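Dear colleague,

I am handing over the structure below, and my notes on what was found in it follow. Please read them with the coordinates open beside you.

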Amino acid sequence: MQLRVLDFGSQPALRSQAVYHGMAHHMHPGDTPVLTLVNPSSPYVCVGLHQDVALEVDEDYCQAHELPIIRRHVGGGAVLLDQNQLFFHFIYPAEKAPRRVSEIYAHFIEPVIQTYHRLGVQAVFRPVNDIHVDGRKIGGTGAASIGDTTLMVGSFMFDFDVDTMSQCLRVPSEKFRDKLRAGMSDYITTLTRELDEPPTREVVIKTFMEELAVHLRVEPVMDQASAAEEASIAEQEKELQDPDWTYQKGRRFIERGVKISADTHLAEGAFKAPGGLIRSRLLAKDGHIVDLSLSGDFTVFPEDGMQRLADALKGQPLTQGSLQGATQQAMTDVSLDIPGVTHVDIATAITAAFRGA
């Protein structure tokens, strides 16, 4: 099977995200799978599909330092992306890719791991979707489903700006920010940190192509985007910079203008599951869910699965036992595939908000 490889080189922040979104939207069942490669030409903050910008990002800092905030169609957490990261995006017709999220990661990460090995970095896959070297993270990956297309995205990190990253995130205090900076400095590693002389971009790509051929049993063929694909990419540039898309999470309660009374509570809660942080925004009345929003840095299929789950839980009593049962049933009904997160984790995140009300 052929794999079309489209190397977009260095691109402005918005287009660096739009290239794979556009290719995914343009792909049809039966099409040849695609791998896109791109480096952002300038830094920006990229937030995960299910995150609430207001809860995760220091918007004042980003505005003051002209750092765009762009929401992607892939789960995971907020991260600083810049020219020192080479991003790859596997874009496959759904019928040609594994179906479950855990299988998608295992399948596509293997050639990434082997590329690191050949470059002299002893990387290992750490589920759910991280790549580690001696306990330090050298890369994260993400999976998504757009229409009839399956995506797996990731990067080769040549270097990483820990100082700016720590400033981009919303934290409770500056003392906490200092701890965050120190923690990231200890936890994150790069090709520059691991090797006396990091490889060039060209060497990484050449090695990656060779490992793809072996481990995915494909024939990588360098290609260029068609006129129709370029038009799809341009359309995604418009979609991705729409404020309604970027700031979609967390607005419903504000827009509704609900008056809070003695028996009505609006509160937030959170719970860290192995598969990611789950944040809940809860409107409760008389101990029952009136409205609910679930956000966080998890990966979930289908794309709208968490919103459908939240809608299904409206009216449920806010007792842990009852909520666990209702959440388990709703996850089954929605066919939720969310690795590392159970119905107990989600119920715990929701009740944490109620207890804090």
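This is a predicted model: local features need pLDDT of at least 70, side-chain atom pairs count only at pLDDT 80 or more; totals for chains, interfaces and linings use all residues.

On the β4 side, valine 45 has isoleucine 69 as its bridge partner. Together these strands make an open, mixed sheet of three in the order β4-β3-β5. Because β4 (69-71) and β5 (79-81) each have a single partner strand, they stand at the edges, and one side of each is left without a neighbour in the sheet. Neighbouring strands are turned against each other by 35 degrees on average, direction ignored. Tyr44 and Cys46 point one way from β3, while Val45 and Val47 point the other way, and all of them are buried. Helix α1 (residues 13-26) lies across β3, β4 and β5, and runs at about 35 degrees to β3.

Which residues does phenylalanine 156 touch, leaving aside its neighbours within four places in sequence? Phenylalanine 156 is in contact with Asn84, Gln85, Leu86, Phe88, Val112, Thr115, Tyr116, Val204 and Phe208. As a general point, nonpolar side chains in soluble globular proteins tend to be buried together.

The charged pairs come next, and a search of the whole structure finds 20 salt bridges. One of them is between the side chains of arginine 201 and aspartate 7, at 2.9 Å from N to O. Since arginine 201 lies in helix α8 (residues 201-215) and aspartate 7 in strand β1 (residues 2-11), this pair ties together parts that are 194 residues apart in sequence. Aspartate 7 is partly exposed, with a relative accessible area of 34%.

Another salt bridge is formed by arginine 281 and aspartate 52, whose closest N and O atoms are 3.2 Å apart. Here, too, distant parts of the chain are linked, with arginine 281 in strand β13 (residues 276-285) and aspartate 52 in the loop between β3 (44-47) and α2 (53-56), 229 residues apart. Are these two residues buried or exposed? Both arginine 281 and aspartate 52 are buried.

In the salt bridge between aspartate 163 and arginine 181, the closest N and O atoms are 3.6 Å apart. Aspartate 163 belongs to helix α5 (residues 162-168) and arginine 181 to helix α6 (residues 174-187), so the pair ties together parts that are 18 residues apart in sequence. Aspartate 163 counts as partly exposed at 47% relative accessibility, and arginine 181 also counts as partly exposed, at 22%. Finally among these pairs, Arg118, Lys206, Glu210 and Glu211 are linked in a network of salt bridges.

Some points of backbone geometry deserve a look. The peptide bond from proline 127 to valine 128 is cis, with omega near 20 degrees, and valine 128 is placed in the loop between β7 (124-126) and β8. The bond from phenylalanine 301 to proline 302 is also cis, with omega near -5 degrees, and proline 302 is in the loop between β14 (288-296) and α12 (305-312). Glutamate 66, although not a glycine, has a positive phi of about 55 degrees. Glutamate 66 sits in the loop between α3 (59-64) and β4, and is exposed, with a relative accessible area of 72%. Aspartate 286 has a positive phi near 55 degrees, and its place is in the loop between β13 and β14.

As for annotation, an unreviewed UniProt entry lists residues 28-220 as "domain: BPL/LPL catalytic". Over residues 28-220 the chain is 35% helix and 28% strand, and the end C-alpha atoms are 19 Å apart.

Key: Residues are numbered from 1 along each chain as its sequence is written. Side-chain values use heavy atoms; hydrogens and water are left out. A salt bridge is a side-chain nitrogen of Lys or Arg within 4 Å of a carboxyl oxygen of Asp or Glu. Helices (H or I, at least four residues) and strands (E, at least two) are DSSP runs, numbered from the N terminus. Buried means under 20% relative accessible area, exposed over 50%, partly exposed in between (1.4 Å probe, protein chains only). UniProt positions are given in the numbering used here, feature names are shortened, and annotations may be inferred rather than shown by experiment. Two strands pair if DSSP finds at least two bridges between them. Axes are lines fitted to C-alpha atoms, for helices over the stretch in contact, and angles run from 0 to 180 degrees between N-to-C directions. Contact means heavy atoms within 4.5 Å.
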